[in-house]
Structure formats: structure tokens, C-alpha cells
Amino acid sequence: MNLPDTPLERSRRTRERAEELGRAADRATDPEHRQRLREKARRLLGEELEGQEGT
């Protein structure tokens, strides 16, 4: 079942993905991998905030 890709739905999925990345970073044993995961989560959230400013 495909749900409509509304801005609200995209926002929710982005936040969920950032949370997943944060949890993965918490579990990561390699410090470099942990840092990359945290940076990716921050980047996703930053892009999300930028997208909301435009609305």
C-alpha cells in the first residue's frame, strides 16, 4: 500500500530515520563509524529544519 508522500509524512520518516541512525551510533563499537552515523543523523535533521523554514 503506497501512502501519499505529503510533507508531513516525509518529515515523520526523516525524523524516524535520524532516530534509527542515532540508535545505531549508540550501538557502534568503532568510534569513527559512530561519528559518521551521528553526523548523518544531524545532517538529516538539519535538512528537515531547512525544509520546514520554507513552508
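The secondary structure of the protein chain consists of two helices and zero strands. The model is a predicted one. Helix 1 covers residues 7–27 and helix 2 covers residues 31–53.

**Overall form**

The protein chain has a radius of gyration of 13 Å. For 55 residues the globule rule gives 10 Å, and the value for this chain is well over that, so the chain is more spread out than a compact globule. The C-alpha trace spans about 40 × 30 × 10 Å along its principal axes. Of the 55 residues in the protein chain, 22% are buried.

**Nonpolar core**

In soluble globular proteins, nonpolar side chains tend to be buried together. Here the largest nonpolar core has seven residues. Its members are Ala18, Leu21, Ala24, Ala25, Ala28, Leu37 and Ala41. Helix 1 and helix 2 are the elements that give two or more residues to this core. Helix 1 provides the largest share, four residues.

**Largest pocket**

The largest pocket holds about 190 Å³ of space. It is lined by 10 residues, and those closest to its centre are Pro7, Ser11, Glu48, Gly51 and Gln52. Both helix 1 and helix 2 take part, each supplying at least two residues of the lining. Helix 1 gives the most to the lining of this pocket, namely five residues. By type, the lining of the largest pocket is made up of two nonpolar, five polar and three charged residues.

**Salt bridges**

Seven salt bridges are found in a search of the whole structure.

| Salt bridge | N to O distance |
|---|---|
| Arg13 and Glu9 | 3.7 Å |
| Glu16 and Arg12 | 2.4 Å |
| Arg17 and Glu20 | 3.4 Å |

Arg13 and Glu9 both belong to helix 1, where they lie four residues apart, about one turn of the helix. Arg13 has a relative accessible area of 37%, so this residue is partly exposed.

Glu16 is partly exposed, with a relative accessible area of 34%. Arg12 counts as partly exposed too, at 31% relative accessibility.

Arg17 and Glu20 are three residues apart in helix 1, which means a separation of about one helical turn. Arg17 is partly exposed at 39% relative accessibility, and Glu20 is partly exposed at 38%. Salt bridges that share partners also join residues into one network, made up of Asp5, Glu9, Arg10, Arg12, Arg13 and Glu16.

**Helix 1 in brief**

How values were computed
Residues numbered from 1 in each chain as written. Predicted model: local features only at pLDDT ≥ 70, side-chain atom pairs only at ≥ 80, totals over all residues. Heavy atoms only, no water. 1 Å grid on protein atoms, 1.4 Å probe; cavity = no way out; pocket = protein on both sides within 12 Å on 5 of 7 lines; lining within 4 Å. Points joined across faces, edges and corners; volume = space filled by probe spheres on them. Nonpolar A, V, L, I, M, F, W, Y, C, P; charged D, E, K, R; others polar. Core = buried A, V, L, I, M, F, W, Y, C linked by side-chain atoms within 4.5 Å. Buried < 20%, exposed > 50% of the residue type's maximum accessible area, 1.4 Å probe, protein only. Salt bridge = Lys/Arg side-chain N within 4 Å of Asp/Glu carboxyl O. Rg over C-alpha atoms; globule rule 2.2 N^0.38 Å.
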